[in-house]
Amino acid sequence: MLYDWIDERFRLPAVDVPSLGKPDPETAAGMVRTRWDLGEAPAPNMVHLLEAHGVRVFSLDPDHAEVDAFAVWRDGVPFVFFNTLKSAERGRFDAAHELGHLVMHGSEHACSGPEAERQANEFASAFLMPRASVLGHMPSGAHVDQIIRGKRIWNVSAMALTYRMHDLGLLTDWQYRSTCAELSRLGYRSDEPEGMEQRETSQVLTKVFTALRTKHLRPSSVAAELGLTGEEMNRLLFGLTLTPLSGGSQQDAAAARRNLSVVR
C-alpha cells in the first residue's frame, strides 16, 4: 500500500533485475555484476544499488526479529524487506542474498528450502567478494588479523570472508575450522567488532519524504491516509521518519496530492 502511494506521486527507478534461473550462483553473480557495470570492484552501498535497479526496499518490523530478510515479486516489481537489528556487514550480505533469490528463483522457482538458501548464500558471497578481487588481495593461509583487516575491503563480515577464502581454496579445511573458532572466540560469530559505523539504509525513501516535507505533507498524514499509525509506518522506513509531526490529517494528504506533480 505504501509503495503504491509513493509510486503514484514519484517516478521511481525502472526494474532492472535479470531472471537467471539456469546459471550456477557464481556465474549468476558475475552476470549481474557485468550487467550493472560493477566489474571486480567492491560493491557499493547495497541498499542504494538495489534501489537504483528498481528494487523497492523497506525495513522489517522489529517484532519479526527472527527473520533476517525476505524478497518477493509483486506484479513484476521486486520487493526486499530487511531486518535492521543486525550488523551493517551482515545487512549487506542479506541484501546480496535476497538479490540472489530474485535473480535465480524469481516467481518461477522455489525460493525457500535448503537448496535455494545455499544458492542464495553462494550468490551473495560471489557478488560481494568477486573471485579475482579476493585472490588479488588475500594471501593463501591468511591469519585472523589479516582477515579482519581484509574484510574492510569489501565491507563484509569476517566470517563471510573466511568462508569465501575457503571456497576459493585460500584456506584449507583445517585452516578454515581453526579460523572460524578463533573468530568466534573474538566475538565475530554473533557480532562484528569494529565494523562499519552505520548500517546502509534507503536513499529513495529519504528523498521521497524530504520532498513531501517541502510540500508540507507530514509523515503522519501519509500514515493516516493508509490507515497506519506513525509508528507502524516508521517500522517500514528504516526509522527515517522517527520524528513525525503531529496534527496531520487525511485532508492534509489530499491537499498535498494536488501539489506534488512537480516532484514526479
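Figure 1. The charged end of R33 sits over the ring of F127 at 5.3 Å from the ring centre; a charge sits over a ring if NZ of Lys or CZ of Arg is within 6 Å of the ring centre and within 35 degrees of the ring normal. The structure is a predicted model, in which local features need pLDDT of at least 70 and side-chain atom pairs count only at pLDDT 80 or more, while totals for chains, interfaces and linings use all residues. Residues are numbered from 1 along each chain as its sequence is written, and side-chain values use heavy atoms, with hydrogens and water left out. There are 6 aromatic pairs, where rings of Phe, Tyr and Trp (its six-membered ring) pair if their centres lie within 6.5 Å, and planes under 30 degrees apart count as stacked, over 60 as edge-to-face and the rest as tilted. One of them joins W36 and F127 edge-to-face, with 6.3 Å centre to centre and 85 degrees between the planes. The pair links distant parts of the chain, 91 residues apart: W36 is in the loop between helix 2 (25-35) and helix 3 (46-52), and F127 is in helix 5 (residues 114-128). Helices (H or I, at least four residues) and strands (E, at least two) are DSSP runs, numbered from the N terminus. W36 is buried at 6% relative accessible area, and F127 is buried at 0%; buried means under 20%, exposed over 50% and partly exposed in between (1.4 Å probe, protein chains only).

**Figure 2. The stacked pair F70 and F81.** The ring centres of F70 and F81 are 4.8 Å apart and their planes are at 10 degrees, so the pair is stacked. F70 belongs to strand 2 (residues 69-74) and F81 to strand 3 (residues 77-82), 11 residues apart. F70 is partly exposed, with a relative accessible area of 36%, whereas F81 is buried at 17%. In the loop between strand 2 and strand 3 lies D75, which has a positive phi of about 55 degrees although it is not a glycine. D75 is exposed, with a relative accessible area of 72%.

Figure 3. Helix 4 (residues 88-104) has 17 residues and reaches 24 Å from its first C-alpha to its last, close to the 24 Å expected at 1.5 Å a residue; the expected span is 1.5 Å times one less than the number of residues. Of its 17 residues, 17 are buried. The largest pocket has a volume of about 630 Å³. On a 1 Å grid over the protein atoms alone, a pocket is an open set of points with protein on both sides within 12 Å along at least five of seven lines, a cavity is a set where a 1.4 Å probe fits but cannot get out, and lining residues have an atom within 4 Å of a point. A volume is the space filled by probe spheres set on the points, which are joined across faces, edges and corners. The pocket is lined by 25 residues, of which K86, F93, D94, H97 and N121 are the closest to its centre. Helix 4 supplies the largest share of the lining, 6 residues. The lining divides into 10 nonpolar, 6 polar and 9 charged residues; Ala, Val, Leu, Ile, Met, Phe, Trp, Tyr, Cys and Pro count as nonpolar, Asp, Glu, Lys and Arg as charged, and the others, Gly among them, as polar.

**Figure 4. The second largest pocket.** This pocket has a volume of about 240 Å³. Its lining includes M1, Y3, F58, F79, F81 and L236. Helix 1 (2-7), strand 2 and strand 3 each give two or more residues to the lining, and helix 1 gives the most, with 3 residues. By class, the lining has 10 nonpolar, no polar and 2 charged residues.

**Figure 5. The largest cavity.** The structure holds 3 cavities of 30 Å³ or more, and about 110 Å³ of space lies in the largest. Among the residues that line the largest cavity are Y3, I6, E51, R56, F58 and V204. Strand 1 (56-59) is one of the elements that give two or more residues to this lining, and its share, 3 residues, is the largest. The lining of the largest cavity has 9 nonpolar, no polar and 2 charged residues.
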